[in-house]
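This note sets out points for a colleague who is reviewing the model. Please read it beside the sequence and the coordinates.

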Amino acid sequence: MSTEEQQDRLLRWVERVAAFCVEEWGLPPITGRVLGWLMICDPAEQSAGQIAEVIQASRASLTSNMRFLTAIGLVKKVRRPGDRISYYRIEDDAWQKVIQRKLESLSAFGEIADEGLDIVGGGGREGHRTERIKAAHDSLTWLQNLAARHPLRR
């Protein structure tokens with residue numbers, strides 16, 4: 001496979017990541033492209049200029065997306081000694097951090113569901129409301145138990 005064909009393949013994969021991020025997470029396409037590129041690029045650390053060139057994005061839109069990805073812990077900004085350029089890379093434990101934060105937020109919602117169950121009680125006319133809250137509670141409890149039994153390992 002030629003270098004050009006390999007690059008086309010990489011960029012098609014990056015577009016698949018971008019489409020997933022748009023459809024499943026509601027992120028802008030550029031955010032998905034940055035994420036996809038940083039997952040597959042070589043070397044792993046890329047400057048904003050390199051990323052912008054590859055994904056064909058303006059530096060201005062790239063900057064806000066890099067700030068977002070850095071803030072949520074998926075991307076890390078790094079400096080090289082003697083180099084004034086900032087580079088970006090996917091954190092080694094980025095996905096584990098994101099999943100852990102999501103589990104923690106779902107756990108927090110589980111506490112809200114518990115409170116809802118206390119408020120509406122369990123019988124009589126309130127049964128239909130109880131069932132809806134209980135369904136959320138049971139699903140969140142199941143997920144917490146699953147995560148506890150099968151922790152992520154690297």
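The numbered points below cover the basis of the model, helix packing, backbone features and pockets.

1. Basis. This is a predicted model, in which local features need pLDDT of at least 70, side-chain atom pairs count only at pLDDT 80 or more, and totals for chains, interfaces and linings use all residues. Residues are numbered from 1 along each chain as its sequence is written, and side-chain values use heavy atoms, with hydrogens and water left out.

2. Helix 2 and helix 3. Helices (H or I, at least four residues) and strands (E, at least two) are DSSP runs numbered from the N terminus. Helix 2 (residues 29-40) and helix 3 have axes that come within 10 Å and cross at roughly 110°; axes are lines fitted to C-alpha atoms, for helices over the stretch in contact, and angles run from 0 to 180 degrees between N-to-C directions. Helix 2 is therefore roughly perpendicular to helix 3, a term that covers angles of 65 to 115 degrees. The crossing of the two is right-handed, that is, the near helix is turned clockwise from the far one by less than a right angle. Helix 2 contributes Ile30, Arg33, Val34, Trp37 and Leu38 to the contact, and helix 3 contributes Ile51, Val54 and Ile55 (contact means heavy atoms within 4.5 Å). The contact of helix 2 with helix 3 comprises 7 nonpolar, no polar and 1 charged residues. In this classification Ala, Val, Leu, Ile, Met, Phe, Trp, Tyr, Cys and Pro count as nonpolar, Asp, Glu, Lys and Arg as charged, and the others, Gly among them, as polar.

3. Helix 3 and helix 4. The axes of helix 3 (residues 48-55) and helix 4 (residues 59-71) are 10 Å apart, at an angle of about 115°. Helix 3 is therefore roughly perpendicular to helix 4, and the crossing is right-handed. Ala48, Gly49, Ile51, Ala52 and Ile55 of helix 3 meet Arg59, Leu62 and Met66 of helix 4. By class, this contact has 6 nonpolar, 1 polar and 1 charged residues.

4. Helix 2 and helix 4. The axes of helix 2 and helix 4 come within 10 Å and cross at roughly 70°. Helix 2 is therefore roughly perpendicular to helix 4, and it passes helix 4 in a right-handed crossing. On helix 2 the contact uses Ile30, Thr31, Val34, Leu35 and Leu38; on helix 4 it uses Ser61, Leu62, Asn65, Met66, Phe68 and Leu69. The contact of helix 2 with helix 4 has 8 nonpolar, 3 polar and no charged residues.

5. Backbone features in loops. Asp42 and Pro43 are joined by a cis peptide bond, with omega about 10°. Pro43 lies in the loop between helix 2 and strand 1 (46-47). Gln56, although not a glycine, has a positive phi of about 55°, and its place is in the loop between helix 3 and helix 4.

6. Largest pocket. The volume of the largest pocket is about 320 Å³. On a 1 Å grid over the protein atoms alone, a pocket is an open set of points where a 1.4 Å probe fits, with protein on both sides within 12 Å along at least five of seven lines; lining residues have an atom within 4 Å of a point. Grid points are joined across faces, edges and corners, and a volume is the space filled by probe spheres set on the points. The lining includes Trp25, Phe68, Trp95, Arg101 and Lys102. Helix 4 and helix 5 (94-120) are the elements that give two or more residues to it, and helix 5 supplies the largest share, 6 residues. The lining divides into 9 nonpolar, 1 polar and 2 charged residues.

7. Second largest pocket. About 200 Å³ of space lies in the second largest pocket. Among its lining residues are Gln96, Gln100, Gln144, His150 and Pro151. Helix 5 and helix 6 (127-149) each supply at least two residues of this lining, which has 7 nonpolar, 4 polar and no charged residues.

Technical notes. Parallel < 35°, antiparallel > 145°, perpendicular 65-115°, else oblique.
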